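Thanks for coming. I have one structure to go through today, and I will keep to a few places in it. Please have the sequence and the picture open.

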Amino acid sequence: MFIIGLTGGIGSGKSEASKILKSLGAKTINADIFGHSVYKKNTKVWGEIIEEFGEAVLDKDGNIVRSKLANRVFSSKSELDKLNRICHPEIKKLVIKELDQFSLDSVKIAVVEAAILIEANWTDIVDEVWSIESKTSIIFNRVKKRDNINRSVIQSRIDSQIDNATRLKYSDIVITNNGTIEELKKNLSGIWERKFISRNKE
């Protein structure tokens, strides 16, 4: 099984790229979905988050309110680092478990979509890192339209991630996504053809 680690900053178009790769034949994993599951009440991560950040991040039923937690950690790198140290290893375990199942199911090509692939040191579980990058102005427009949040909040989330230069150092393939979804599809289809179709015909 060939495993692609698909990464990129907020608003770069990772999820759209993952959908396109799925349509081309890959089996996909969205690490964000596992990220949501580790926050569930009475899990290991839930307990450690309350211990670290207090009950102020909970609702009246004892569930973690992700927006409250986000407001706290995205304004402080040290707080974000604490949260990441709690969550990332547990999410990685779930991703590996899913990949093991893919392998048992004889999946040929898998995609792990994860914004934190590089900073969480997950490059050891993928064969190649594919990065999606976009112009900052385009990212602001996309995220504002998608999440309806203001510019300063978007900037704080961009600042909390590794910069493009660092991300590109770890990347085997870089996909620029400044245009339409059709242009992104054409770009990814070309890469897919060269890597997985043409090579198999040789």
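Predicted model: local features only at pLDDT ≥ 70, side-chain atom pairs only at ≥ 80, totals over all residues.

Let me begin with helix packing. Two packed helices are described by the angle between their axes and the distance between those axes. Helix 3 covers residues 44-53, and helix 4 covers residues 66-73. Their axes come within 13 Å and cross at roughly 45°. The crossing of helix 3 and helix 4 is left-handed.

Which residues make that contact? From helix 3 we have Ile49, Glu52 and Phe53, and they meet Leu69, Arg72 and Val73 of helix 4. Sorted by class, the contact of helix 3 with helix 4 has four nonpolar residues, two charged ones and no polar ones.

Now take helix 3 again, with another partner. Helix 5 runs over residues 77-104, and the axes of helix 3 and helix 5 come within 10 Å, crossing at roughly 165°. Angles over 145 degrees count as roughly antiparallel, so helix 3 and helix 5 are roughly antiparallel to each other. The crossing of helix 3 and helix 5 is right-handed.

On the helix 3 side, the residues are Lys44, Val45, Glu48, Ile49, Glu52 and Phe53. They meet Glu79, Lys82, Leu83, Ile86, Cys87 and Glu90 in helix 5. The contact of helix 3 with helix 5 divides into six nonpolar and six charged residues, with no polar ones. If you want to find this on your screen, Ile49, Glu52 and Phe53 of helix 3 are listed in the contact with helix 4, and also in the contact with helix 5.

Next is helix 6, residues 136-147. Helix 6 has twelve residues and reaches 16 Å from its first C-alpha to its last, close to the 16 Å expected at 1.5 Å a residue. Which residues of helix 6 are buried? They are Ile138, Ile139, Phe140 and Val143. These buried residues pack against helix 7, which is 151-159. After helix 6 comes Asn148, with a positive phi near 55°.

Ser106 is not a glycine, yet its phi is positive, near 60°. Ser106 sits in the loop between helix 5 and strand 3, which is 109-113. With a relative accessible area of 52%, Ser106 is exposed. Asn121 is not a glycine either, and its phi is positive at about 60°. The loop that holds Asn121 lies between strand 3 and strand 4, the latter being 128-133. Asn121 is exposed as well, at 55% relative accessibility.

Now Ser12: is it buried or exposed? Ser12 counts as buried, because its relative accessibility is 1%. Ser12 is in the loop between strand 1 (2-8) and helix 1 (14-24). Leaving aside residues up to four places away in sequence, Ser12 touches Ile132, Ser134, Arg142 and Asn177.

Last, Asp32, which is in helix 2, residues 31-37. Asp32 counts as partly exposed, at 49% relative accessibility. Asp32 and Glu113 are 81 residues apart in sequence, while their C-alpha atoms are 8.1 Å apart in space.

Key:
Residues numbered from 1 in each chain as written. Heavy atoms only, no water. Helix = DSSP H or I, 4+ residues; strand = E, 2+ residues; numbered from the N terminus. Buried < 20%, exposed > 50% of the residue type's maximum accessible area, 1.4 Å probe, protein only. Contact = heavy atoms within 4.5 Å. Axes fitted to C-alpha atoms, helices over the stretch in contact; angles between N-to-C directions. Left-handed = near helix turned anticlockwise from the far one by under 90°. Nonpolar A, V, L, I, M, F, W, Y, C, P; charged D, E, K, R; others polar. Expected span 1.5 Å × (residues − 1). Parallel < 35°, antiparallel > 145°, perpendicular 65-115°, else oblique.
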